[in-house]
Amino acid sequence: MNTAEIDRISDEIKAELSGLRFGKVFQLTPMAFAVDFFPHSGRYLYIGFGPRTGRAYLIRRRLKDLERVSVHQTPFIIELKKIFAGFLLVDIFRMPGTNVLRLEFNDADGNSLSLAIQLGRHRPNVFILDKESIVISSGKADSDAGQRPGDTYKAPEDADPSEEGFKDPNTDSLSELLDAEDTARSAAEHFDLLAAEARRTLNNEIRKRAKLVKNLENDLLKHGDPDIWKRYGDLLLANIGNLRQEGENFIVIDYFDTAMGEVSIPSESNASPSDMAEVYFKRYAKARNGAAAIAERLKLVRSEIDAFQARMADLESAVNARDTEAVVRFLPQKKPQKSKANVKRDTSEIKGARRFISTDGFEILVGKKAVDNDFLTFRVARSQDTWLHAADYPGSHVIIRNPGKKDLPNRTLIEGAQLAAFYSDARELPKAAVRYTARKFVNKPRKSAPGLVSLSSFKTILVEPKIGDLTST
């Protein structure tokens with residue numbers, strides 16, 4: 001970006017965002033983010049400081065689209081949000097003689113901060129500066145003087161304010177042109193990544209099969225020539241009465257040769273001619289059978305290589321046509337992750353709990369022992385289920401299950417409280433206090449005894465300890 005373009009961007013940002021409050025930040029890539037300003041004007045400030053070029057301009061996006069593409073926030077963005085919270089954008093200008101765009105902010109107490117954005121192709125970066133222009137933090141670390149935290153900020157000495165422009169100077173909105181260019185470049189880069197991944201996938205498949213072919217051919221060599229093994233076996237048996245042994249070899253007459261010359265057949269130590277004949281016949285059978293199986297396997301693998309090479313040619317045609325949908329079809333299909341099914345807990349299998357049905361049809365579970373109470377509360381109950389326990393007396397944990405998250409009828413609450421009082425040491429009292437709360441407010445203190453819990457919020461109800469007309473199921 002040249003100085004004229006930076007000045008135009010400065011004017012566009014000032015006209016749209018000046019006087020607005022710094023708001024939410026969306027991390028788009030490790031070196032790019034978008035800032036919302038309040039009251040929301042419909043546009044966001046995009047800031048990029050990647051390796052190629054520094055950018056700052058206005059963009060239009062739907063909130064859900066920004067949220068969808070946002071990535072994990074870097075420490076710089078976290079610090080940026082914290083420092084600028086509540087500050088108003090009061091001025092935007094290009095620092096004289098540089099390619100640095102500076103945004104000045106004030107808060108209600110008169111405190112000042114600024115962002116210095118180094119634009120263009122030379123050392124793109126973004127800096128948080130205090131009111132004295134001291135560097136607080138930067139998007140990318142820089143060891144040069146004036147660029148380090150604690151230094152007084154100084155633009156790069158060799159910044160080129162006359163950097164060549166590349167935009168139509170007559171356009172109404174330079175931000176829209178920059179956004180369109182970056183969007184197109186991102187789409188092209190994304191396409192190239194897809195194409196590279198597709199090529200890599202097909203090449204990997206071809207390489208795997210080429211390696212398999214080599215291994216099969218080596219196996220074939222290890223088996224040897226079955227005709228030779230059979231010939232050795234036949235000759236040993238045919239010469240059993242007139243062969244002679246020289247060292248580790250048997251010398252026999254080659255009846256398969258018209259000249260009837262002698263041939264040397266390798267032998268194993270202390271093996272008789274008949275034993276070696278049997279060895280060679282076994283090698284013959286193994287080599288013959290193996291050769292047939294390997295040949296069939298080689299044929300199949302080579303046909304697969306041909307198929308993948310044909311797919312590679314089709315892929316290159318799709319790449320040349322810039323057909324994204326066609327390229328995607330060459331990528332390996334991701335296996336759908338097996339979602340963890342919402343396993344319905346069958347309370348009939350919970351041996352440590354009594355089960356009742358309230359008058360209104362709600363399921364009420366009552367723990368039996370201390371360990372059963374823990375299991376019932378922290379393994380069976382859901383966050384919106386109602387939890388009850390007698391106040392100040394040892395007793396059972398009681399859960400009123402509410403999978404539909406309906407309003408709990410008062411009658412069911414009383415019945416659950418009566419059960420909590422009855423299955424506690426307050427059973428003999430005419431009236432007992434029972435605490436109740438949503439399960440999400442029940443916590444288990446670290447290393448506490450079974451059944452012991454703490455409540456972050458609860459209410460109390462006074463009831464008569466009894467089972468009443470409820471029946472256990």
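Trainee: Which residue in β16 stands opposite valine 366?

Mentor: In this predicted model, local features need pLDDT of at least 70 and side-chain atom pairs count only at pLDDT 80 or more, while totals for chains, interfaces and linings use all residues. Residues are numbered from 1 along each chain as its sequence is written, and side-chain values use heavy atoms, with hydrogens and water left out. Strand β14 (residues 363-367) runs antiparallel to strand β16 (residues 398-400), and 3 bridges join them; DSSP must find at least two bridges for two strands to pair. Within β16, the residue opposite valine 366 is valine 398.

Trainee: How many degrees does the twist average from one strand to the next in the open sheet of 6 strands?

Mentor: Strands are DSSP runs of E (at least two residues) and helices are runs of H or I (at least four), both numbered from the N terminus. The sheet has antiparallel pairing in the order β13-β14-β16-β15-β17-β20. Its edge strands, each pairing on one side only, are β13 (353-357) and β20 (459-463). From one strand to the next, the twist averages 25 degrees.

Trainee: At about what angle to β15 does helix α9 run?

Mentor: Angles run from 0 to 180 degrees between N-to-C directions, with axes fitted to C-alpha atoms, for helices over the stretch in contact; contact means heavy atoms within 4.5 Å. Helix α8 (residues 370-380) lies across β13, β14, β15 (386-390) and β16, at about 140 degrees to β14. Helix α9 (residues 410-422) lies across β13, β14, β15, β16, β17 (432-438) and β20, and its angle to β15 is about 40 degrees.

Trainee: In the open sheet of 3 strands, which are the edge strands?

Mentor: The order of this sheet is β10-β11-β12, and the pairing is antiparallel. Each edge strand pairs on one side only, and these strands are β10 (244-246) and β12 (262-266).

Trainee: Which residue in β11 does glutamine 245 stand opposite?

Mentor: Strand β10 and strand β11 (residues 249-253) run antiparallel and are joined by 3 bridges. Across from glutamine 245, the residue in β11 is phenylalanine 250.

Trainee: How are α1 and α4 oriented to each other?

Mentor: Helix α1 (residues 3-17) and helix α4 (residues 174-223) have axes that come within 9 Å and cross at roughly 110 degrees. Angles under 35 degrees count as roughly parallel, over 145 as roughly antiparallel, 65 to 115 as roughly perpendicular and the rest as oblique. The orientation of α1 and α4 is therefore roughly perpendicular.

Trainee: Which residues in α4 do Glu5, Arg8, Ile9 and Glu12 meet?

Mentor: The four belong to α1. Their partners in α4 are Leu174, Ser175 and Leu178.

Trainee: Which element supplies the largest share of the lining of the largest pocket?

Mentor: A pocket is an open set of points on a 1 Å grid where a 1.4 Å probe fits, with protein on both sides within 12 Å along at least five of seven lines; lining residues have an atom within 4 Å of a point. The 26 lining residues include Thr29, Ala32, Tyr46, Asp182 and Ser186, which lie nearest the centre. At least two residues each come from β1 (21-29), β3 (44-49), β4 (54-59), α2 (63-69) and α4. The largest share, 6 residues, is from α4.
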